[in-house]
Amino acid sequence: MSTLHPLIPMLQSRQDEDASTLGQKFSDQVQRVLQRSMQIRHLDAGSCNGCDWEIQSLLCPAYDMQRLGLDIVASPRHADCLLVTGSVTRHLEIAAIRTWEAMPAPGIVIAVGACACGGGVLQGSYCTAGGVKNVLPVDISIPGCPPRPQALLHGLMLALDRIEQKLHHSNHEFRIGRSEA
Amino acid sequence: MTDVVTSPAVDLQQLSGGELLPSRVPGETRVVVPLVTLPRACQVIVDGVGARLATMVAQDERAETGSFTLAYTFAIPDRRWMTIECQVPADSPAFPSVTPLVPAAHWYEREARDMFGLEPEGHPDLRRLVMHDDWPAGVFPLRKDFDPSIPVPRVEADPYRFHTLHGDGIVEIPVGPFHAGVIEPGHFRFAAVGEVVLALEPRLFYTHRGIEKLIEGKSLDHGLQIAERICGVCSLSHAVTYCQAAEQILGIEAPPRAAVIRSIGLELERLYNHVGDAGNMCAGVGFMVGVAHGARLKDELQRLNEQFTGNRFLRGLSAIGGVRRDLDVEFAAQMSLELARIAREFGELTAMILGSETTMERMRRTGILPGDLARALGVVGVGARASGIDLDTRRDHPYAAYRDGETARRRDGKTARRPDGQNLPPSPAVGRGAGGEGYSAVGRGAGGEGHSAGGGEGFPVPTREEGDVAARLLVRIDEVAVSFALIQALIAEMPAGPLIAGWTPPTTDAAAFSATESPRGENLHWLRVNAQGTIERYRVRSASFPNWPAVAAAAPGNMVPDFPLINKSFELCYACLDR
Amino acid sequence: MRVLRQSMRGRVGAHDYPLEPEAAPAAFRGQVQLDPNRCRGDAACARVCPSGAITVEETSTGWIWQLDDSRCVFCGLCADACANRAVSLSNAFELAVRQPDDMVTRAEFIRNEETD
Ligand code: SF4
Ligand code: SF4
């Protein structure tokens, strides 16, 4: 038999909070932090389309992310956070960086799926960057292949905290409500 | 409508004038021809027996034979395959292009040029296809001497030259690679006069991930995980195609129960795709109720997938030799009930779409893909069937549970609801989309529209003649009905037995290919394993590969704002194409 | 009117996640779990893992089993490969994290000579 080393932290659940507690306060928090809905831009940086479908699913009546104050927008210039799927292929790397640069501060980057978080099954390919973290600063990672829509919602809720954190700790003049204008 | 004959009349070898090679693929005739006669041999097959170019595989065999190999595989209408091979010498890597005689070879040859450095002489368009311009010249990723672990620098190069049209009032509209919606990246260059598209040129392969190279040297099991992730929404078709190719190499077959479970999975995949697409096509015309309705049904189907296989995209179901998950009686019964309900609700959705005259009016006569053009481009799947080409891999090259003619017959007897008990000839189409009211897709499903080839016992393959957006929608709706009926029939007669056949890694060099009908059309995987039991070469020709040029061909003459609708009606996948 | 009727027939409404917790179905393949009492460090899981998410490293006194969620594609091959049934896939799906390090689980084992 083998024993666990007593000094090493035991295997434990690493989830920050469970979603229901997050969810309860979420809509209010969106209001408080952004004073409008949280706007998301999706960026496919070489995914297999699985992750993208799940993001699309969030808009369908079964999840209806808009009821929580989340919405997908068409331009990075309107977006509070960028949902990046895929491991960032060579052909999309430059476009991905440009998209990120077009975002207003603080510009949260969320890596969606195994490919985006750490390269997934595409380890060692000549044509991918092996994860978003190698190209853009990642704030939140949502593992899964693909993550279920519920897992995406959970990740998006964590993102809001991150936005709040960044707003308080940066000197950026954050232009609240800019896209509503 | 080509009539499918089952008795092979033509001696393909004689026709091509090549020398016969052995093959592991059932129904395949494999010949080798001298390089100079390659285009001619291909043309004879295409013109002589109406073959469709199914794939082209290039291989770097310089280490073994001192040359590259090119293999053009054709699907013969009488349900056989034909492969024409030739050797390209290593010291002069060029071959006479087949494209001028067989236009469907266009992209395949450009790809071989990018990936292997094989020059197609006489090819009309020698721009880069897969590797974009900042990829250095002279570096060919699929050659054996390319080392993927060394980063390849970006180089300065002339920007890609789009074919542009010049003239008074012609404006060029670039779109992409990132689009406004939640869709995949690709660049489209329109030339338009006013609102009307004169020409459209797509620039794709942005999501090229180098999967064909990546998989080389991996074990068969490892390869499956990668193959399954080529495309999200055709995960299972890709997985099953890969598994079938591997099974042919290993000389094993999935047990009957596994075959049925695979088929159920494949039909579930078709369902969630088609149902979602029917909804998505409404987005192209701004019919939001339809979108929401379709998306909700799609999600319910995906939930079912998740309960069945543990993944909303049916990943992890198929394994080499069989399946990894059983479908127990209890869940099968529950699934059957759920599906019956979803089928009913989908019927309501279709009635709603077809009853909306404004929606249908936008779709009719929009984005027409003429049948002869579709044939020339080798189009597959819904796009082909809506343009009058009667083809479906499930019937033409049966696999899994589709092999069982018995199933089809019993299914027909049990669930098909033919209004008049006869096989209806395909009715003239424009007229019937119009009569929206009281029009239930389920009711007319399995037998009505699908005129079965192969003498009545075959598989119902719905086809339409007009080739417009509406036709593609109607073909999908018909296929959904067939799938619902098929799943119910398969659930009803699940054979007992093992789920998976045992195997050991191969010890000889062997190659095989297999095809399945994904929701988007025929997927064809060509796989070669070496004596160490690892993958030597893998070639994926997904349904989107031959169909993308068709999208570009269907756009001219339409309004620019109709393009998203046309694109959605083909519902092609970028990830499948780009790999 | 017809549309309205349909939307009022129930079922159309949103699921309540995240306001209500919602469990993934039993078949769902979620986060990989290790039963430390069963793991014998033979690294079968690490060998089959297609994405290199699991690593098992031999140390002078035992071994370190490590899982990187950021790579895991939830294929379940590791669970199938483990002869000791130490690895399994749980139902956990709320795996989003703020720090990449949070995605790594590490367990260090000390080999117990008498019983091995
Ligand atoms: S993480 Fe999985 S589902 Fe998402 S893009 Fe990668 S392979 Fe596809
Ligand atoms: S589930 Fe698959 S990817 Fe994840 S750790 Fe296990 S073998 Fe690796």
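Student: How does the lining of the largest cavity divide by class into nonpolar, polar and charged residues?
Tutor: A cavity is a set of points on a 1 Å grid over the protein atoms alone, where a 1.4 Å probe fits but cannot get out; lining residues have an atom within 4 Å of a point. Ala, Val, Leu, Ile, Met, Phe, Trp, Tyr, Cys and Pro count as nonpolar, Asp, Glu, Lys and Arg as charged, and the others, Gly among them, as polar. By that rule, the lining of the largest cavity has 10 nonpolar, 4 polar and 4 charged residues.

Student: What kind of model is this, and which pLDDT do local features need?
Tutor: Residues are numbered from 1 along each chain as its sequence is written, chains are lettered from A and ligands numbered from 1 in the order in which they are written, and side-chain values use heavy atoms, without hydrogens and water. The model is predicted: totals for chains, interfaces and linings use all residues, side-chain atom pairs count only at pLDDT 80 or more, and local features need pLDDT of at least 70.

Student: Which residues lie nearest the centre of the largest cavity?
Tutor: The space there is about 140 Å³, a volume being the space filled by probe spheres set on grid points, which are joined across faces, edges and corners. Its lining has 18 residues. Nearest the centre are A:G144, A:C145, A:P146, C:F28 and C:R29.

Student: And which lie nearest the centre of the second largest cavity?
Tutor: This cavity holds about 90 Å³. Its lining of 13 residues has 8 nonpolar, 2 polar and 3 charged ones. Nearest the centre are A:C48, A:C115, A:C145, B:R229 and B:R315.

Student: Which element gives the largest share of the lining of the second largest pocket?
Tutor: A pocket is an open set of points with protein on both sides within 12 Å along at least five of seven lines. This one holds about 750 Å³, and A:I94, A:A95, A:R98, B:P177 and B:Y206 are the closest to its centre among 29 lining residues. Two elements give two or more residues: β9 (187–193) of chain B and α3 (90–101) of chain A, helices (H or I, at least four residues) and strands (E, at least two) being DSSP runs numbered from the N terminus. The largest share, 6 residues, comes from α3(A).

Student: How many salt bridges cross the interface of chain B and chain A?
Tutor: 56 residues of chain B contact 44 of chain A, with heavy atoms within 4.5 Å. About 3,900 Å² is buried, 60% of it from carbon and sulfur atoms; buried area is the accessible area (1.4 Å probe) that two parts lose on being put together, summed over both. A salt bridge puts a side-chain nitrogen of Lys or Arg within 4 Å of a carboxyl oxygen of Asp or Glu. A:R90 and B:D134 form one, at 3.9 Å, and the count across this interface is 3.

Student: Which residue of chain C forms a salt bridge with B:R324?
Tutor: 23 residues of chain B touch 18 of chain C. The buried area is about 1,800 Å², with 47% from carbon and sulfur atoms. The rule finds 1 salt bridge here. With closest N and O atoms 3.2 Å apart, the partner of B:R324 is C:D80.

Student: Where in chain B is confidence lowest?
Tutor: pLDDT is the predictor's confidence in each residue, from 0 to 100, and its mean over chain B is 76. It stays under 50 over residues 406–457 of chain B. Helix α7 (residues 235–250) is highest, at 87, while the lowest mean, 32, belongs to helix α16 (residues 429–434) of chain B.
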